[in-house]
Every structure is written in C-alpha cells, then in structure tokens.
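Here is a short briefing to read with the model open beside you. Please keep the viewer handy, as the notes go from one element to the next.

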Amino acid sequence: MAKPTARVERKAEEPTLDLDTLVKQFVSRQEAFNEFMDVIQLLHERGILSALKAALERYEDLLGVLADWLNSMGTQSPANLLELVNTLTKANIRGLSSIISAASKGAATSGNKQPPSLEGLLKSLEEDDVKRGLWVVIQVLREIGSSSLE
Amino acid sequence: MVVVEIFIWFGEDWGAVSFVNLRVNGRSIDVPAGAPLLVSLERSGVYVPHVCYNPSLGAIQTCDLCFVEVDGQLVRACSTPVREGMVVDTETPRVTSVRKAAMDRILTNHNLYCTICDNNNGDCELHNTVARMGVRNQSFKSKPYPVDSSNPFYVYDPNQCILCGRCVEACQDYVVNEVIRIDWSLNPPRVVWDNNSPIGQSSCVSCGTCATVCPVDAIMEKSMIGEAGLFTRIKPETRGKLVGALKRSETDISFYMLTSDIEAKLRSTQIKKTKTVCPFCAVGCSFEVWTKGRKILKVEPKSESPANGVATCIKGKFGWDFVNSPERLTKPLIREGDHFREASWEEAISLVARRLTEIKHKHGPDAIGVIATCTGTNEEAYLAQKLARAVIGTNNVDNCARYCQAPATTGLFRTVGIGGDSGTMADTEKADLVITFGSNTAEAHPVWAGKLKRAKKLRGQKLIVVDVKPHEMVGWADLFISPHPGTDLVVVNAIAKHIVDQGWEDREFIEKRTVNFEAYRKELEPFTLEYAERVTGVPRELIIRAATMIHEARSVCAIFAMGITQHQNGSETTTAISDLLLLTGNYGRPGTGAYPARGHANVQGTSDFGALPTYLPGYERVDNPKIREKYEKAWGVKLPMTPGLTSTEMVDAILDGRLRAMYIMGEDKVLADSNQQKVGEALSKVEFLVVQELFLTRTAQYADVILPAAASLEKDGTFVNTERRIQRLYKAFDPPGEAKADWEIIQMVANAMGAGWVYTHPMEIMDEVAGVAEYFAGVSYERLEGFRSLLWPVKKDGADSPLLYTDRFEFPDGRARFHVPKWIEPLGSTTQYDMYLDNGRVLEHFHWGNLTWRSKGIRELVPEAYIEISPEAAQRKGLKTGDKVLVKSRVGRVVAGVMVSDRVSSNRLYIGLHGQGDDAVNQLTGDERDPTSKTPAYKELPVSVEKLEGEYERRAPLPVSNYRHHVKSRVSQVGVKVEEKWSRADYAQVKG
C-alpha cells in the first residue's frame, strides 16, 4: 500500500562542468586562449577590470551622475556631439581620399625644403594646383557652414 | 472598425479571387477586387506609411499617414477599397505634406528614445515608419497622466501612447471584451479602461491582445520591461533624466535612430522567437514566444495564426511561469518507503521496464494500463499507444478525453461518423445562428467566444445559449434556455419534435443524405412541449422560439461542451444535438455543423493518434482484423484484439485486482477523476505506478517511479486543436536539469522492454503515422512549416478537410444515421442534498491548476477556489461573501469561501475545478457515469451547504483586482470613434 508522499531526498549538487570537454576545447584553441588570457592579464594589471567591475556594480549611480551632468546648465556636449555627427553625415566631401593623399604628398614635399618667403607664398597662389586646392578647401568649408544652418 | 470581409479576404489565395486594374504612380497593376487599397499597394511593392492599420483589425483611420491621391482626391488608403480603373498617386507633394503633418502630430505623443526602449526590437512599427519616412526631428509634448502598472501583466504609459486606437479596436471588436476605449473628450485624450478606472480595478480580463497590437511601447508586457534591450534595465527616474537631457540638446534625431537600429540588431543575438501552440485549451492559439535564455519575454500571436489571429487569453498570453518554476521535476525519482530519492535515468528506466515486464509475465499484459497525456504531442500519443499495444500487448490505453468529451465523440460517431468538429471556428462565425449547449465559452474557450461575440456585435449573428449557468455569453444571447441540470436532452428533443410537428424539417436533405428518420421521428413523440416543460422547467414558449429560430436560420452551428457531456446521458444528448442538425439539414455547408469544444490543448490529437482503448490511430478499430493486420505488418508484432479499459474503468480494475500497474503521463488523475477518495485508494493499492510529469502532482505522490518530463516549449511536435487542425510547435529551449520530452522517455521505456525503436526526432514518428493511418496520409512536417496547418483527414497529396460532410458522411453508404437517443434520468436534489453544485473552469485557471497556480499574476487575481451562490440562496442559507461553507455530497466534503453572485441562480452553486486542497471539487463527485463512454457525471452533484462557524478570516475570495467585480462598468462601442477625434478643435482634419 503506497501512501502518497511529497517528500524528496535530493542528492547534493555535483559539479556540472565536463572537464574533458573543457580540456579538448582548450587544446584545439590554445593560441586563442593564450591571447585571451594575456588580454585579461593586461586589463587586470592596468586596473581596467577593477574599474569596469566597479562601474557595473555602481551602474545606476554612474548613470545618475551622467544624467545630472547632462541636465546641468551650460553643458553643450550632447548637442555639439550630435551637431558634429550630423554635419559630417550631411557634408558631401567627394574625393576626400585623393585630397588626403595630395595633402600627404604636399606635406612630404614641404618637409624637404626651407620655409618659403612671403614673396614665394604669394607667387605660389598663382599656381594652378594651389588654386585648385584652395577651391576644394573653400567648397568643404561652405558645405559645413550650410549644413550647420539646417 | 474591424472589417470582417477584409480579414476573411486577407487569408485567401490571390489566385482564387477576381482582379481589378489600377494605375499607381503611372504603373499599371492588377490587385484583388474588394481589398483595401493599402494592402493592395503593399502587396504590389508600393510603400505607403501607416501605423494604425493592422491586417487583423482592419482600418482604424487614426494615424493619417496612409493618405494617397486617388483620381486627384486625398483619401486614406486603409479605408478605401480598390476599384477598376483607379488612378493612384502615392508620392505627390500634397500627399507628402499631409503625411509629414500627420507624423508630426503622432510624434507630439511619443518620445523617441528607442535605444532604451524595450519595444525597439526591429519590429516597432512607429520606429520603422519614422525611419522610412526620413523624419529628422520631433516636437514631443508630455501628457499629464502617470504610468498605470496596476495590472499584474502589462503596463500602460499614456506618455508614449500615439492614440492609434488599435488596443480599442482589439478590445471592443476583436476579442470583444469592451473594456478599453479612447476618451476623446479629455485634454489631452487618452486610452481609458471602463470609466477611467485604474487597469487593476477594471473589468480587464488580461487577455493581452491590446499589448500584442500596440505598435509602440505604450501598452507593454511587464515581462519585456528591462529585459528586451541591452541598455533598458534602468530605473524609470534615471531614464527620465537621460532622455530629458539628450532630447533637449537634440536638433536632429537621425543619429539616435541610427544607434537604436544598431542596438536593435544587437538585441536579436540574445532574443529568440519560436513558433509554438498554446498548451492550455483546445482552441489551438499559435504564436511566437520570445525568449532570452530560459526567460520568457512575451507571447506574440500573429495575424497569420490560423486559429486565433492576434487574440489570446490570459493563460496563453501570460500564464507561462510554470515553465521556469523551481518546483519542476529535473531528475527521475524512485520511491523508497515514505519518500522519493533521486535516481539516474538508467536506474529509473531499468526499474520501470523490469517491473512492467514482471507484471506482464505474471498477470498478463491486460494487467497494465497506460494513460497518455492530452498536453503532450500527437507523436507522443502515438508512441504511448504503440508502447501499450506493441510492446506491453494491451489495448488498455486512454487519455483525458474520457473525463470530458468522449461522449461527444460517441454522439458524432453514431450519427455522422467522425468524432470531431464538422468545420472550423470560422464556420461558427459565418453561421446565421449559433446554439451553445453547456458551454461557458467566454471562460473555457475565450478566444472562440471572441469570434462569436464579434459575429454577433458586427454582423448580427443570432445566438441561443442553453446552460444551467447565466454566464457571460448569456448577455450576448437572443435566447437563453436554462433547463434543470441534466435535462438538456429533453429540451433538444422537444425542439426537434416541434420542428417536425410544424413540418419544418429539411425533407430533401433527410431523403438524400440520411437513413433511419422514421424511427427517430417516432421516438420523438413523447417529447411534447408539456412534457419538456415539466421535466426541464423550460417554458414551452422558449422551446417554440428556439425551434422557430432554427427554422428561420439559413445555417446553424451547435457548439457543446462539458455542461452536456459530463452527465450520465452525455452521449445521448450529443446524439440528440447531432440528430437535430441532421433534421434541419445543418451539416456539410459553410456555417453549419456540430462543434464539440474540446478542453485540453491536444485532447483531440491524443485521441486521433490512437490513445484510446478501442481505436488505433485515425479511429481505426482494434477489433477489425484487417486494420490490426495492417498495423501488425507495420510494427512487426502481434496486436491484442480485445478493446481495452477506459481510464475510469482502470480505477475499478485496480480495486478489483485486474489491473496491477499503471503508467500515467501528464495526467493528475487524483484531481481529475471523479470520487477522489476512491482514486486515491486505487493508486495506493496498485502494485506499480509510473508517473511522467512536470511536477510532483497529487497523482505523482502515489508513484513508485516519477519520470521528469519536458514542457511544450521544450520540445518539437504537433498538436491537433478542436477544429481537427494539426499545427507544429517548435522547441524554444532545453528542458531543465535532466528532464526529457515524453517521446524520448517512452522510447527509453519501450527499448528497455526490448522494442528496438530508433526515432531521433518527432518528424520520423509523424512520417510513420502518415504511412499507416489513412486520415493522416498527407501530413508531413514540411506541410506544417511555420504557421501552416492541415485539418484532417489529409489526403496523400496534402489536400485537407476544413469542412466535413460536403459530399458524404463517414459511413459505407455515405449517409448519416439518425440515432435514437435514450433518456437517462439525472441525479436530482433531495431533502438532505437540496442544492446542486455545478462545476467547471474559470477563465484564469486551467483545470486542476497545476500550471496556472504557478503563475504569480494569476494567483493574485484568483487566489483560491470558491463557491458561487445566488443572492436568494445566500439569504436563505444566511451566507455572505467571505463566509466559509462546508459542502457535503453523498461521497465527500469540501470547504471553500463563499461569493454571492448573480452568475448562478436558484438552488444552483458553482465551483471552479482549480482547487487542490480542501476545496478540490472531486472530493464530492461520485461514481455515476455515462454508460456508453464511461465519462463521470461530474455535473450531477446534489449537495448540502452549511456555514462554517468559528474563527477564520472573513474576506472575499476574489480580490478587487478581479475583473468579475467590474463587468458592469464596461462601455460598449463599435470601433475607436475616430469621428470624435476629427471633431476636436485641436485636430486639423485633412480635407480630401
């Protein structure tokens, strides 16, 4: 005669870690594991892990401080940041890479010579390449200016 | 308002409708006639912004985003049907300007802080529309209303509400609970519950449909909050400060939109959406369940969910806490004297196999009984009966249909040949007249009730309710007939006789499609109006009126449930109902037929797939040698030929020594079967009891071995709903601990007994079924992919059968049988037992409550089982709400709190099934059964009631947060009343 019972004797929880699987995974990805451990060690040595841990523990407090700062009078950071991002999004700077390349070339060339005299600078303004360069810079500034008004 | 035609149209194959030609932006396109322009444009790849239109709800006309020009006039595309030759322009400057103004108005109501919003999951309709329209700024105005979080399951934030009215449409016209509306007279307007009550003190039934359809985060499931987003777990006050600061500096929102889009993509790595089917009642609601690890974030039904669309009930939407309950069984348990100890699967399975084999050898295979679970899958039911028949060697296999709907199956087998609904729930929506017999539809099958209420409210469908209890559906009925308990058969036959007497029977149908009419007609003779009035207490005028309504209706559906079946004459009454439908030609046409409303999620499928003592899968009889031969060949074993014991007979068989072992899967027999004391005695006595369960239930407490099973979310498989609709459920996550899916456990037991089964996935089991059972010949997982479904019988080519009997009935000659039902006198009240205790479901709980008691929110709303008593009877007995009573029957006693209620009348009481302790109803029910189906007569229960004196806390059994206290505050309206919005001074109405 089985009497109803709700009593259960449970075994103590055994560790669920399957060591064999872990070792196999470690061996097959040893290089990646080593690098990962190095990163962890460096983060620890630089105190970043401690900072991160503390930040996570005090997450709400930090957010609160941030929110108070953002709300304080005169703080323009979010607006400025957004303005910058929006301006960069809208500005149509075509051929930027060739300009950067040309700028680098110019910088390299200038590094090999003595600084020009004022007369030399004025003469340079007559060169077609210099005129074109100035025109590009002016165009970029114009786009940035008009975008900031929108 | 809901446009029913559009909804119906939406599900149709484009190839099946006629087309009209439009010119859209200079391009010629063909679209289905009658469709809303918005849908036609979308389907043709023309984008038109919108946030209030929803395919299930139809045109609401509040957002004003979908304006287009048609023949030069501005119109809302959502509410404009297409017509031949229409010239449509979707991108003119005028259209763009109107849409921009509309979006500006919407964004004054909703603050876009998507990155820290839990609704930003890639499917926020407002977010996506803002992005698509290229909106770069907003001017948000805060509203002076606080967040309402007084409902246990969802919150309403008026500050984020765009007043689109979807929640109103859903509540008023889709699920038709009529709780929510927009009060356009307030400044600013807002969504209100009842007469502007807190949600937690309103008549809200917590079906959650409002949260499902809300396009933003205004109405949101609490389980989502702080969980869906990567950065959303922030205190509201901190969030408010952050949002305030960022929005003040904002000149352009496009960067915020970008970051929130990126964040939404990141969220998708941690949120999984899995299609599943609800494990509670048999309406078969399907939905996606959103999970994060094992956390259930929300349940989201879709417009393409075939049985339910976007509707759910409280249990399907919010009743999922049981899945992660700490009380889940996670390891096999073996009894050792007065306690259980944990065991390995090897030890437990080995013990089960050894003991079952010993008993089989010593006492024969028929000394073992198997109960398959009705909340398990079809594949699991198939394996359970295969284990019983092919491995153990007995037909002693049954399921919980024995407790509820087996009599309905009997009645339909006798008359039309198939033990299932004649058509779909859509047919019950289409019918001219619906008659419900013994069905508290709004509480037991609430999503189905929504469809009936919608048909009534929007289309004027007629409704007759036959019930002992004046439940919610009575408020919707054109005619309410309340017979004495157990006398429904007399009512039905008296209606039939009156129809015959008036010459209203469908002679042509009877002659061409039926046999045995004359014998039936003769047997109706005693059921005169006078006799019916005397026996049933129903005035003859009501019977005449019911007969007249049936006669006048072009199509009639009869829905019947446990109020009919759980009587001694359950099989007889269902037979009589089916006879009545045959008499009036109400089979085989759209909007006609018999609809037994099945109770458990897969009670239909568990029976369909063979877990019955007389039938193999697909209702092929075990005593038919040809059928047996087919299965013997397929399974490679000799099969038993004698029909087995029913679940209720197994209890008797234990007590008289014929049955020595039971293997019960997912069935709390102690609470579910009648006469709890007797069942307990039997389970104490049985030599060996195996229970496969989620929890240590009352039944499991008697077991020798308990095997931990998986919940529906933790396995793949299929369910069959009450319509005969087969639907797939997919695994969302693994079972906890060492628990396993039932099919895996059954296979382990079978193999330990020498079976040699090698199923690796339920799909292989279904393939095997399709190979042997004719009804399922064309069923495959591929054909059931996603939200697709099939209604059996399914031919090999995949053609299914939404509507039965269009050409023939399921008999060799194709003709239906009039079957003469026998009248069995029900148990009546006596001097000693002068009250009558009706019992059944309550909306919030599911049956014995093993799943729903574990939902914190549901416990909060319905914390105990209680006795409802009418005000007159309460006065007579000196009872008040909050008193406790001792209820006695000839068999046992129950103690429960009292609730005085107008939902019961005269000497009738009502108690929910969900009590598990002193309030468990089956301590009172006895051994009377339907002699054909062996279903207990649970609802024939004369009792006495006496007030419990002494010291106890007198409090109302239902808290004030329960909707039942507030139903009289509901405000019924059709649609969102957008005209009131348009007439407000602050609304610049667009002039077309």
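Two residues are in contact if their C-beta atoms, placed from the backbone, lie within 7 Å. With that in mind, note that this is a predicted model. In chain B, the buried residues of helix α3(B) pack against β3 (67–70), β4 (73–76) and α4 (125–133).

**Helix α3 of chain B**
- Helix α3(B) covers residues 93–108, which makes 16 residues.
- From first C-alpha to last, α3(B) reaches 23 Å, close to the 22 Å expected at 1.5 Å a residue.
- Which residues of α3(B) are buried? They are B:V98, B:R99, B:A102, B:M103, B:I106 and B:L107.

**Strand β37 of chain B and its neighbours**
- Strand β37(B), residues 942–947, runs antiparallel to strand β32(B), residues 835–840, and two bridges join them.
- On that side, B:Y836 has B:P942 of β37(B) as its bridge partner.
- Strand β34(B), residues 884–888, also pairs with β37(B) in the antiparallel sense, here over four bridges.
- For B:K888, the bridge partner in β37(B) is B:S944.

**Chain A at a glance**
- What does the secondary structure of chain A come to? It comes to eight helices and one strand.
- Chain A has 150 residues, and buried residues make up 1% of them.

How values were computed: Residues numbered from 1 in each chain as written. Chains lettered and ligands numbered in written order. Predicted model: local features only at pLDDT ≥ 70, side-chain atom pairs only at ≥ 80, totals over all residues. Expected span 1.5 Å × (residues − 1). Buried ≥ 20, exposed ≤ 12 C-beta atoms within 10 Å, placed from the backbone. Pairing = 2+ DSSP bridges.
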